[in-house]
Amino acid sequence: MAEYLRRMPDSGDAFRRSSTVWSVLKLDPWLLSGLLALAGFGLTVLNSAVDGSNAAIQRQSVYLLIGFCGMLVAAQIPVYRYARLAPWMYLIGILALVSVLFLGVGAKGAQRWLSLGGFRFQPSEIMKLAVPLTVAWYLAKRSLPPNPKYVGATLILMGLPAVLIFLQPDLGTAILVAVSGFFVLFLAGLSWRYLLTAAGIVLASIWPLWSFVMKDYQRQRVLTLLDPESDRLGAGWNIIQSKTAIGSGGWSGKGYMQGTQTLLDFLPESHTDFIIAVLAEEYGLQGVLWLVMLYLFICLRGFWISYTAQSTYGRLVGASITLTFFVYVFVNMGMVAGILPVVGVPLPLVSAGGTSIVTLLAGFGILMAISQDKRQVN
C-alpha cells in the first residue's frame, strides 16, 4: 500500500500528443465500452427473466439512460471539486437516512425509501458514493499511513451510516457501505497490526451479534446457507432453485428464453438478485464466463485509472469505487451459488434496478473524471 500511495504523478506524455474526441467529452473509451457491453448484455438477460415484458425492459432502459447521463455529468466535474463536495454529500445522506427511520416508505418488511413528489429513492444508495468520497477527503489531507486518532475518526465516518442502514433493515447494503470506506482506509496504508486487531474484534463480536443484534430472518439466512435442505419449501427455496437452474444449464445452456426454472416460475427474484441463475441456465457456464470476463475487464480498467491518478485523493477514491464494484459482483454470485448468505445484493448493471443503477454509473463517472485529471494536470 505504501508503494501505491508514494507513486509519483505520470509525466503525461501519452496524453499530451493530441486532443481526441474522448478527451473533449472527458470520457474513458475503454471503461465506457465495457459498461455499454455489460448494460446491453444485462438487458438481454433481463428480457428473458421477465419473459419479454415490455414494461420491465422499458423501465430498465430508462434507468440506464438516466445513469449514463449521470455518468457523463459526473465525468465533467474536476476531481478536486469532489473533495469539496464530499462532506456536504455525506451530511445530506446522513440526514436522509435519519428521515427514512421516521418518514420512510415501507415494502416487504423494510423501510428503506423516501418519497418526494411521487419519486421514490433509497438514501442508502447515496452513501455508497458519499462514504468513500468523504473518507478519502478526510485521510488525503493528513499524513499517511493514518495514526490511531485518524483511524478512529474514519471508523466513525464509516460506522454511522452503516448503523442507520442496518436499522432499516438492510444488512447487505450496510456491509457494502462500510466496506467501501474500509477500502479507502486500507489503501491509505492501514498497518497489518490494525487489521489483525479488527479481525479479532470481529471474531469476538460474532456471538453478541448473533444473540442480541441479528433478527430471526437474518439468523435463518445463515442457517439456510449451512443446510438449505432443512427448510426446502421456506428459507432454502431460493438457494435450491438457483442451484438447480445453474446445474441444469451445463456448459452451453438450454437456449435463450428456454430456461424452465424461469418459465415455470420456480426461481424467485429471477429478475433481481438471482438473475445470474437465469443466465447460467440459458447460456450455460460459457455464458457465465463471458460475463465474468466483462466484469474483470471493467475492474482492471478501473484499477489502472486509479493507479495512474495524479493525486492521493483520486487514487483512494478510484480504487475504492473499483474494489466495491468487485465486491458487489462477488457477493451476488456467491449468494446465488450458495457459498454466501442471501443479503439482497443485485448483480451490477444486470439485475433490474433504479437508484442502484444510477448511483453505480455515477461512480464510474467519478472514475472517468479521475482518468481525465491527468490530462488537465498536463
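Me: How many residues apart in helix H9 are Phe182 and Phe186, and what separation in helical turns does that give?

Reply: Keep in mind that this is a predicted model. Phe182 and Phe186 are 4 residues apart in helix H9, which covers residues 171-187, so about one helical turn separates them. The two rings form an aromatic pair with centres 6.4 Å apart and 20° between the planes. Planes under 30 degrees apart count as stacked, and Phe182 and Phe186 are therefore a stacked pair.

Me: Which geometry does the pair of Phe325 and Phe364 have, stacked or edge-to-face?

Reply: Look at the angle between the planes: over 60 degrees counts as edge-to-face. For Phe325 and Phe364 the angle is 80°, with 5.1 Å centre to centre, and the pair is edge-to-face. Phe325 belongs to helix H15 (residues 312-337) and Phe364 to helix H16 (residues 355-377), so this pair ties together parts 39 residues apart in sequence. Both of these residues, Phe325 and Phe364, are buried.

Me: How many aromatic pairs does a search of the whole structure find?

Reply: The search finds 8. Ring pairs can also join into a cluster, as they do for Phe41, Tyr256 and Tyr283.

Me: Over which ring does the charged end of Arg142 sit?

Reply: Here one looks for a charge above a ring. The charged end of Arg142 sits over the ring of Tyr138, at 3.9 Å from the ring centre. Another case is Arg193, whose charged end sits over the ring of Tyr194, 5.1 Å from the centre.

Me: What area is buried between domain 1 and domain 2, and what share comes from carbon and sulfur atoms?

Reply: About 2,500 Å² is buried between the two domains, and carbon and sulfur atoms give 75% of it. On the domain 1 side, Met214, Tyr313 and Leu316 supply 25% of the area buried against domain 2, more than any other three residues. The number of salt bridges between domain 1 and domain 2 is 0.

How values were computed: Residues numbered from 1 in each chain as written. Predicted model: local features only at pLDDT ≥ 70, side-chain atom pairs only at ≥ 80, totals over all residues. Heavy atoms only, no water. Phe/Tyr/Trp six-rings, centres within 6.5 Å; stacked < 30°, edge-to-face > 60°. Helix = DSSP H or I, 4+ residues; strand = E, 2+ residues; numbered from the N terminus. Buried < 20%, exposed > 50% of the residue type's maximum accessible area, 1.4 Å probe, protein only. Lys NZ or Arg CZ within 6 Å of the ring centre and 35° of its normal. Buried area = accessible area lost by both parts, 1.4 Å probe. Salt bridge = Lys/Arg side-chain N within 4 Å of Asp/Glu carboxyl O.
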